[in-house]
Amino acid sequence: MGWWRDPGMVLAWLLLLHPLSSPACPTACHCSSEGVDCSQRALREVPQSLSTNTSTLWLGYNFITVLGPRSFPSLPGLLLLSLTHNRLGMIHSQALVGLKALQELDLSNNHLTVLTPETFLPLTSLAKLNLGSNRLGELEPGVLSALPQLRALQLQDNPWACSCSILPLWRWLNQNREKVQEKSLLLCRVPEQLNKYPIMAFGNESFRQCQETSLSVQHYITFFIIGPFSFMASIFFCTFMGSITVVYHNLRREPHFWRRP
């Protein structure tokens, strides 16, 4: 029997002649067993031709300004993502969809001013987050609570506004002190009299007025609805009482007219 009649031998020769293609690698990046390195490539967006088995992705020192909806291709095995030293100013709420295995995210040294809880909801495995050296003045209450596996957080070198709006962040920091790195660098920027004052040094009494006077959105909606109705009701009541008073006085005067000769 000739070798060409043996299916196993035929398959072996075909594999030798046509080796398996290697995973895709973006032209501007360097790919290795350690991951995909796209640092310092003057990129303005995330490369799309990434292998689905990519575990680490470095995109630092580029010119990425926005992460739009689904900015990343399907990367179910991605564990580490670095976007440090870009010009990132906005992250869409659907930008990180498909990165549920991600464990470490570095967004430091960017231009971020606002973050929403919805952005981080897909990151159910995230353990380490670096938001240092951005332009964050406050952080929405749900941002950190959307990360149940978070173990290490960096927030240093942001222009924190130490007013009532920082109360949710202060509460989280005090309840999770062991997770916060470089606590001494969490400093107030405004108001001026608190410039460079450590956020972690505040006590409960510092926020007493905020806790006593703060109103929820539901309260404001209730006031907005009830206010106009109360105003109209008061006008109707005053008009009604005035009419009754006039009628009463007229009735009291009417007998005198009948007594005249």
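## Close-up views of a predicted model

Of the chain's 261 residues, 34% count as buried. The model is predicted. The legends below start with the whole chain and then move to single residues.

View 1. The chain exposes about 16500 Å². Carbon and sulfur atoms supply 60% of that area. Now take the contacts in the chain with a separation of 6 or more: residues 24 or more positions apart account for 49% of them.

**View 2. A cis peptide bond joins Val 190 and Pro 191.** Omega is about 0 degrees here. Where does Pro 191 lie? Its place is the loop between strand 12 (188-190) and helix 5 (208-213).

**View 3. Tyr 61 has a positive phi, yet it is a residue other than glycine.** The value is near 60 degrees. Tyr 61 lies in a loop, with strand 3 (56-58) on one side and strand 4 (66-67) on the other. The cut-off for exposed is over 50%.

**View 4. Ser 133 is not a glycine, but its phi is positive.** The angle is about 60 degrees. Ser 133 has a relative accessible area of 22%. Buried means under 20%, so Ser 133 is partly exposed.

Conventions
Residues numbered from 1 in each chain as written. Predicted model: local features only at pLDDT ≥ 70, side-chain atom pairs only at ≥ 80, totals over all residues. Heavy atoms only, no water. Buried < 20%, exposed > 50% of the residue type's maximum accessible area, 1.4 Å probe, protein only. Contact = heavy atoms within 4.5 Å. Areas by Shrake-Rupley, 256 points an atom, 1.4 Å probe, with all protein chains shown as cover. Helix = DSSP H or I, 4+ residues; strand = E, 2+ residues; numbered from the N terminus.
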